[in-house]
2 protein chains.
Amino acid sequence: MERAPVHGIEVFLTIVQEGSLRAAANVLGVGAPAVSLQLKALEERLGVGLIIRSTRSIELTEAGRVLFEAAGPAYRDMIYAVKKTREVGASLNGTLRLSLSRGAYVAALAPVLERFQADNPGINLELSWNEELVDINREGFHAGIRLGDVLSPDMVAVRLTGPLATVFSASPGYLDRAGRPEHPRDLLEHNCIRYKLPTANRIADWVFCEDGQDKVIDPPARLVFDHVLGVIQAAREGHGIGWSMRATAEEHLASGELEAVLDPYARALPPFYLYYPEQNKRVECLRLLIDCLVTHRDRQRRDGPKS
Amino acid sequence: MERAPVHGIEVFLTIVQEGSLRAAANVLGVGAPAVSLQLKALEERLGVGLIIRSTRSIELTEAGRVLFEAAGPAYRDMIYAVKKTREVGASLNGTLRLSLSRGAYVAALAPVLERFQADNPGINLELSWNEELVDINREGFHAGIRLGDVLSPDMVAVRLTGPLATVFSASPGYLDRAGRPEHPRDLLEHNCIRYKLPTANRIADWVFCEDGQDKVIDPPARLVFDHVLGVIQAAREGHGIGWSMRATAEEHLASGELEAVLDPYARALPPFYLYYPEQNKRVECLRLLIDCLVTHRDRQRRDGPKS
DNA sequence: ACATACTATTTAGTAATACTAAATAATGGA
DNA sequence: TCCATTATTTAGTATTACTAAATAGTATGT
């Protein structure tokens with residue numbers, strides 16, 4: 001790298017400001033010879049003398065004056081830039097931008113939101129609620145929350161929940177009409193309301209669990225949504241059987257609008273994870289959020305797992 | 001010096017501008033690992049990630065964007081400052097400011113002035129014509145020309161002339177009236193026109209030479225000037241005997257207005273020197289002037305010493 | 001999907017640089 | 001003149017920067 005052009009200018013500026021090499025050495029926290037040698041090296045690199053020094057005083061040469069007047073303000077600007085950059089990482093104040101799906105919000109973030117906001121009055125949360133898997137960095141997000149099966153391997157991932165229970169469900173009216181499936185293969189004879197991944201642009205596999213093995217089934221996609229709430233909605237309206245996270249359907253199961261079927265075969269989905277690029281690991285706001293989420297996750301497990 | 005805060009920023013900025021570590025390495029003239037390590041070290045120092053890098057592309061984190069936007073312009077300013085500073089030393093154009101006495105001008109500079117100006121059309125000369133010995137650097141001069149006996153030891157000195165012949169002289173009318181001294185001690189009985197050093201604020205010794213020895217004499221200072229031309233003027237007007245450089249009085253000696261006395265005792269003064277602070281030794285304009293002056297000095301000696 | 005071609009990183013070793021302590025030199029003031 | 005202070009030189013040491021070689025990761029084309 002052959003010595004950056006600006007190398008040593010800090011020493012020069014400090015000498016001028018302090019008025020002597022010794023004072024500059026004290027300010028910089030080094031011995032006097034270090035300053036002397038650095039200054040000499042700088043003059044050597046620039047090919048011109050900068051400071052006329054006697055043991056009792058210093059004076060700038062013409063070149064020294066030019067450098068001091070031009071580089072001084074620029075150097076201060078750089079110091080300021082560095083300071084601001086540090087603050088991005090160190091600040092306990094600021095805005096944390098997250099990208100997360102509705103399900104992720106409900107299952108992972110919502111339970112701790114109130115406490116987090118109360119504990120961290122300086123941190124604003126900016127939540128982008130979308131189902132697509134976005135490039136969180138390019139879009140200006142600090143982190144995202146997604147299901148574990150869609151994570152990039154180059155992201156740091158923090159598990160936020162246990163595995164997520166799922167449910168096959170339909171309205172009682174539909175089931176009365178079309179019959180209640182006893183085994184997943186019966187689904188092939190049913191109206192199945194499928195979910196299409198918005199980004200991958202393909203219909204999500206239906207996976208069930210039998211004898212401890214995951215098995216894929218592909219019932220006819222008579223009705224497809226790219227949003228989970230659409231699936232639930234259609235199921236409630238009696239259009240067929242949907243497969244969703246249990247938490248998402250829970251309220252309708254409780255009210256009797258939906259009825260669960262095939263429960264022994266309902267496979268758990270991988271947990272939600274918060275993920276972020278390695279380079280954001282020192283953003284203090286993010287660390288605080290993660291602490292909060294993980295604390296909640298661990299308390300959940302102790303008090304009794306929900307999902 | 002514990003690593004200047006701005007250290008490594010050049011590497012960071014280059015990476016961002018070039019779009020990859022490898023390209024930055026090429027630009028900086030180092031291997032790829034060097035860049036990688038420097039970037040990592042910078043992130044470590046700032047306590048925050050700056051660039052998210054995969055093998056095919058890079059992206060800035062929020063902190064990286066802050067740093068790039070704030071430090072980029074400041075860094076360019078510093079580069080510019082360094083460039084301007086270099087030019088002070090390297091430029092063959094510009095203004096050279098000299099402090100010199102009238103005698104120095106006549107004896108040392110004037111003979112080469114025309115040639116120097118012709119050879120160096122880019123260099124402007126700014127001459128401060130004063131008898132006082134000024135602090136050339138504090139006053140913004142690059143160099144000065146003075147007699148050898150008043151030089152500070154911390155300046156680089158370049159001899160420009162041989163020893164300077166002096167002359168005791170008076171008007172023929174005065175000498176007819178007061179008599180022609182045969183030996184310096186006769187001066188004690190004469191009106192002597194003395195010279196007072198403007199800076200030192202003391203009357204200059206009269207020194208003569210006898211048997212190879214310098215001897216000081218202190219005739220009554222009936223009439224004192226702080227400018228050599230005053231001494232000459234008064235001598236021409238018949239007010240007494242003056243002591244001056246022979247070159248300064250030459251034209252009046254030739255015209256018969258002045259008549260030399262005590263020539264065997266007239267001591268030569270030390271030569272004129274150009275002097276400048278060590279730190280200006282690389283100012284290219286000054287080197288050119290010195291070359292020109294020294295060339296002339298040596299040609300003078302070969303062709304026949306004048307003084 | 002697989003190989004290919006690039007790019008980044010790690011590691012270990014080496015070259016270069018920065019710094020210190022101690023001695024020396026220089027300077028302004030009592 | 002000496003004293004107090006400051007700068008510089010020198011020699012040695014510690015730190016840092018860099019490279020080469022090996023490894024790992026990723027987008028592109030086939």
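**Chain contact and sheets in a predicted model**

The contact between the two chains takes 56 residues from chain B and 56 residues from chain A, contact meaning heavy atoms within 4.5 Å. The model is predicted, so local features need pLDDT of at least 70 and side-chain atom pairs count only at pLDDT 80 or more, while totals for chains, interfaces and linings use all residues. Residues are numbered from 1 along each chain as its sequence is written, chains are lettered from A and ligands numbered from 1 in the order in which they are written, and side-chain values use heavy atoms, with hydrogens and water left out.

About 4,900 Å² is buried between chain B and chain A, and carbon and sulfur atoms give 63% of this area. Buried area is the accessible area (1.4 Å probe) that two parts lose on being put together, summed over both. Four salt bridges are counted between the chains; a salt bridge is a side-chain nitrogen of Lys or Arg within 4 Å of a carboxyl oxygen of Asp or Glu. A:R97 forms a salt bridge with B:E62, with the closest N and O atoms 3.5 Å apart.

On chain B, the elements that give two or more residues to the side touching chain A are α1 (9–18), α3 (32–46), β1 (51–53), β2 (58–60) and α4 (62–90). Helices (H or I, at least four residues) and strands (E, at least two) are DSSP runs, numbered from the N terminus. The largest share of this side, 19 residues, comes from α4(B).

In chain B, five strands form an open sheet in the order β4-β3-β5-β15-β6, with mixed pairing; two strands pair if DSSP finds at least two bridges between them. The edge strands of chain B are β4 (123–129) and β6 (155–159), each of which pairs on one side only. Strand β3 (residues 94–100) of chain B pairs with β4(B) in the parallel sense over seven bridges. B:L100 stands opposite B:W129 in β4(B). Helix α5 (residues 102–119) of chain B lies across β3, β4, β5 (143–147) and β15 (272–277) of chain B and runs at about 165° to β4(B). Axes are lines fitted to C-alpha atoms, for helices over the stretch in contact, and angles run from 0 to 180 degrees between N-to-C directions.

Chain A has an open sheet of five strands in the order β4-β3-β5-β15-β6, with mixed pairing. In chain A, β4 (123–129) and β6 (155–159) stand at the edges with a single partner strand each, so one side of each is left without a neighbour in the sheet. Strands β3 (residues 94–100) and β5 (residues 143–147) of chain A pair in the parallel sense over three bridges. A:S99 stands opposite A:G144 in β5(A).
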